[in-house]
Amino acid sequence: MIHTELNYGDVYLVPKKTVVDSRKECDTSVQFGPHRFAMPLYAANMKSVVDAETCEYFARRNWFYTMHRFDVDAVAFVRDMQARGLFASISVGVNGDTRQQLVALKAAGLSPEYITLDVANGWCVKAEQMIRFIKREFPASFLIGGNIATAEAARDLEAWGCDAIKAGIAGGRVCITKNKTGFHRPMVATVRDCAAAVSVPVIADGGIVEHGDVAKALACGASMVMAGSLFAGYDESAGEIVEIDGKRYKEYFGSASQFNKGEYKNVEGKKILVEYKGSIARLLLELQEDLQSSVSYAGGRELSALRTVQMIAVAH
Ligand SMILES: NC(=O)C1=CN([C@@H]2O[C@H](COP(=O)(O)OP(=O)(O)OC[C@H]3O[C@@H](n4cnc5c(N)ncnc54)[C@H](OP(=O)(O)O)[C@@H]3O)[C@@H](O)[C@H]2O)C=CC1
Ligand SMILES: Nc1nc2c(ncn2[C@@H]2O[C@H](COP(=O)(O)O)[C@@H](O)[C@H]2O)c(=O)[nH]1
């Protein structure tokens with residue numbers, strides 16, 4: 001028997017009685033690891049979304065960030081961020097280059113506050129070895145592991161030592177994994193299953209199309225949400241501006257795209273152009289206002305109210 005699983009666009013949240021007099025009373029802040037952040041949402045650790053300047057922009061506004069791991073000098077990045085009084089949050093892979101970077105960090109006496117293990121399928125032996133290595137060498141760092149899409153995988157990553165788990169396989173806008181390999185799991189099913197299986201926070205990664213999808217991800221049990229295309233079209237986004245027939249766009253490409261890899265080998269991502277939208281400040285404010293409104297519809301004052309709402313599927 002084949003069962004149906006749902007994505008954010010297939011579901012809605014059922015309103016409860018609002019208890020606040022203004023949406024401004026609703027608190028969108030979230031404790032995540034050693035810090036409390038303004039929003040449970042952050043930009044994907046992709047080279048076309050964040051660079052060192054973007055990371056600093058977010059950190060200064062008390063938004064969580066994670067630097068990507070492609071051609072980055074982790075020692076310089078961590079040292080710079082911490083010298084400015086900001087938290088350092090880096091991404092790593094599973095191969096020898098990552099081990100070298102981590103050894104160099106340790107030798108320099110540096111310890112990032114957050115480390116994200118960023119691989120396509122984090123439920124593998126190489127990821128387990130890297131997670132155990134990081135927990136041993138950087139016990140003070142908050143370790144995010146991923147990506148995974150099932151309860152069984154989430155339980156394994158928790159057992160291996162992850163402090164948070166990033167869930168979402170092949171649901172991203174520039175993803176072609178599902179086309180090339182046949183593997184994917186819709187986000188509502190992914191997040192609900194993973195969040196119910198573990199006691200550490202789960203990050204819902206990918207597939208955010210509408211602002212309300214953030215509230216839906218939190219209602220599924222996510223503690224944080226990661227989004228790429230949502231943040232890709234702005235001045236502060238890392239991608240290049242492209243002008244076609246007088247209209248401006250920003251490049252947005254997958255981490256497993258030929259463009260990012262520099263060769264056509266095991267390509268599971270593509271490059272697209274997204275509409276250029278100017279400064280990101282207006283987006284951040286609107287995302288916060290929209291989530292405050294979601295909390296009010298959920299009948300609460302804090303994000304936890306979203307965990308109590310009923311979710312319904314709509315027939316298309
Ligand atoms: N969230 C998602 O759904 C997806 C995200 N991505 C993103 O793309 C980037 C590249 O990811 P990834 O390919 O993991 O990283 P890398 O290209 O850095 O690969 C890491 C290592 O894992 C091996 N590896 C990768 N995939 C597999 C596999 N399916 N089976 C066995 N070994 C494997 C690679 O070897 P070899 O190349 O020889 O196989 C390589 O040695 C990451 O940033 C990731 O987040 C990519 C796909 C899906
Ligand atoms: N299958 C692939 N997934 C990728 C690739 N690069 C990034 N990603 C994932 O997508 C999300 C962002 O999704 P969005 O819908 O918010 O745009 C990102 O965080 C990664 O998990 C890739 O090349 N292939």
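Reader: How many residues surround ligand 2, and which are the closest?

Author: In this predicted model, 25 residues surround ligand 2, the closest being Gly172, Cys175, Gly228, Gly254 and Gly269. A residue is near a molecule if its C-beta atom, placed from the backbone, lies within 6 Å of it. Residues are numbered from 1 along each chain as its sequence is written, while chains are lettered from A and ligands numbered from 1 in the order in which they are written. In a predicted model like this one, local features need pLDDT of at least 70 and side-chain atom pairs count only at pLDDT 80 or more, while totals for chains, interfaces and linings use all residues.

Reader: How do the residues of the shell around ligand 2 divide by class?

Author: Ala, Val, Leu, Ile, Met, Phe, Trp, Tyr, Cys and Pro count as nonpolar, Asp, Glu, Lys and Arg as charged, and the others, Gly among them, as polar. On that basis the shell around ligand 2 has 10 nonpolar, 12 polar and 3 charged residues. Ligand 1 has 20 residues around it, and Val119, Ala120, Asn147, Ser255 and Ala256 come nearest. Its shell has 7 nonpolar, 10 polar and 3 charged residues.

Reader: Is Cys175 buried or exposed?

Author: A residue is buried if 20 or more other C-beta atoms, placed from the backbone, lie within 10 Å of its own, exposed if 12 or fewer, and partly exposed in between. Cys175 has 24 such neighbours, so it counts as buried. An unreviewed UniProt entry places the feature "active site" at Cys175; such annotations may be inferred rather than shown by experiment.

Reader: Where is Cys175 placed, and which residues is it in contact with?

Author: Helices (H or I, at least four residues) and strands (E, at least two) are DSSP runs, numbered from the N terminus. Cys175 sits in the loop between β8 (164-167) and α6 (177-181). Two residues are in contact if their C-beta atoms lie within 7 Å. Beyond its neighbours within four places in sequence, Cys175 is in contact with Ala170, Gly254, Glu268 and Gly269. Ala170 is found in the loop between β8 and α6; it is not a glycine, yet it has a positive phi of about 65°. Ala170 is also buried, with 24 other C-beta atoms within 10 Å.

Reader: What angle do the axes of α2 and α3 make?

Author: Two packed helices are described by the angle between their axes and the distance between the axes. Here α2 (residues 74-83) and α3 (residues 96-107) have axes that come within 9 Å and cross at roughly 40°. The two are therefore oblique to each other, the term for angles that are not under 35 degrees (roughly parallel), over 145 (roughly antiparallel) or 65 to 115 (roughly perpendicular). Ala74, Val75 and Val78 in α2 meet Gln101, Ala104 and Leu105 in α3. That contact has 5 nonpolar, 1 polar and no charged residues.

Reader: How many residues of helix α7 are buried?

Author: In α7 (residues 187-197), 8 of the 11 residues are buried, so this helix is largely enclosed by the rest of the structure. Among them are Met187, Val188 and Thr190. What covers the buried residues of α7 includes β1 (11-13), β7 (142-148) and α8 (212-219). Helix α8 is itself largely enclosed, because 7 of its 8 residues are buried.

Reader: Which peptide bond is cis?

Author: The bond from Gly146 to Asn147 is cis, with omega near 5°. Asn147 is found in strand β7.

Terms used
Axes fitted to C-alpha atoms, helices over the stretch in contact; angles between N-to-C directions.
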